[in-house]
Amino acid sequence: MREASRKKDLSGLDQPLVRVSGHVVDVSPQSFRVAGLSPYVRLGDCIVCEGPHGPELGEVVRVEEAAATVKPFAVRFHSGVRTLAYRTGPVTVAPSPAWKGRTIDAFGRPCDDLGPLENGDAEFVTDSLPDAAMRRARIRQPVPTQVRAIDIFTPLIRGQRMGIFAGSGVGKSTLMGMLARAPGFDTVVVALVGERGREVREFLEETMRGELSRVVTVVATGDESAMMRRLAPKTAMTVAEYFRDRGEHVLLIVDSVTRLAHAARDVALAAGEPPVARGYPPSVFSELPRLLERAGPGAEGSGTITGLFAVLVDGDDHNEPVADAIRGTLDGHIVLDRAIAEEGRFPAIDLLKSISRMADLAWKPEERELVSRLKAMIARFEDTRDLRLLGGYQRGADPTLDQAVDLVPHVYGCMMQHPGDVPAQSPFDELSHRLKTSLTGNA
């Protein structure tokens, strides 16, 4: 059947004058099946149905000769059997500089009550491929975050992709909010994936107060469908790529990649994939690096995307499948520890387990030597904690341990920093002053 009329789909794009239609043949709580379109659709294409309450959009997740399996973007699919269905192509967005300061959903539609959104001239498919490796520029320029623990122990380089690994309630979102205020970026793109609804306004009105003019926020809260939560990070990445290609230095924050993996798992299971690792189908572990690899530097002469990806480790198990897969893809990881948070030290960064693979590009030789010595002292201090608590430590028997006992608590104190504190302008100088003061006091 063909229909000769022009309408707009849910993303606001014109549909073609002539469309091939199919019809719904089966509806389940997780998906629906459409017959008659299998020769014309591909994985990732969108299908629109004329539902009782208006158009309903879904994405093709499986194609068989008899019918295509479609996962709806809405939480509930209201259309029934025999409903007409049409192909509309993949999801696209049209970013523009006017998007700065706005909050949008996964389709690029405004959700901030600030009026219509001005779209750009070009449309970009949200599920695109990363740039070819040999076309990308090298990354060399450090960028200060003004968070002492990070600038000293795990420094960031423009174009780097860093993961923040933490269990629930350890301060992951607070730390990412502090990093979002870093002054070295032209644009900040934030994807809030599966977050609580109340946290959206808190992030915008408190954490990013005074910075909203350079922030684009893409929101898919926890009550939205798996399809919307899966799409939001791709939309945010597409927006970040747009500003990078304009020559801007972009900070991309995704909170969290784990909830993206959960959403991708729901979609894959609805498509009939078997679970292989703690309930995760194989496609999840190929979808994650395809998204993460899109961050980084662009071609020579363009800007960069510095990626901060939050990883919510299930049950505080940092070796669970998603965390393990993401850690191997990124250029470094910051580990937040619950025991450190319980001691009241925030940000609760485990300085020994956290690493930046690009740190040598940021450290001066003397700074590299200092960090190496500090890590050795911290390791000695932590390894002997039980011994000291049991009274087995005697001062003077081990000069190296004596130095660690004198200095490490002051290092920990210097690393403590709260969102309302004055940003660290010269972190190494502040640490050096703190240690010299402590040594003078001990003398």
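Q: In which helix is Arg327 found?
A: Arg327 is found in helix 7, which covers residues 321–327; helices here are DSSP runs of H or I with at least four residues, numbered from the N terminus. This is a predicted model, in which local features need pLDDT of at least 70, side-chain atom pairs count only at pLDDT 80 or more, and totals for chains, interfaces and linings use all residues. Residues are numbered from 1 along each chain as its sequence is written, and side-chain values use heavy atoms, with hydrogens and water left out.

Q: Is Arg327 buried or exposed?
A: Buried means under 20% relative accessible area, exposed means over 50%, and partly exposed lies in between, using a 1.4 Å probe and protein chains only. Arg327 has a relative accessible area of 17%, so it counts as buried.

Q: Which residues does Arg327 touch, not counting residues up to four places away in sequence?
A: Contact means heavy atoms within 4.5 Å, and by that rule Arg327 touches Phe165, His318, Asn319, His333 and Arg357.

Q: How are two packed helices described?
A: They are described by the angle between their axes and the distance between the axes. Axes are lines fitted to C-alpha atoms, for helices over the stretch in contact, and angles run from 0 to 180 degrees between N-to-C directions. Here the axes of helix 5 (residues 257–270) and helix 6 (residues 282–292) come within 9 Å and cross at roughly 135°.

Q: Which residues of helix 5 and helix 6 meet?
A: Val257, Leu260, Ala261, Ala264, Arg265 and Ala268 in helix 5 meet Ser283, Val284, Glu287, Leu288 and Leu291 in helix 6.

Q: How far apart are the C-alpha centres of domain 1 and domain 3?
A: Domain bounds come from an automatic or database domain assignment, which gives domain 1 (21–89), domain 2 (93–361) and domain 3 (365–441); the C-alpha centres of domain 1 and domain 3 lie 60 Å apart.

Methods
Helix = DSSP H or I, 4+ residues; strand = E, 2+ residues; numbered from the N terminus.
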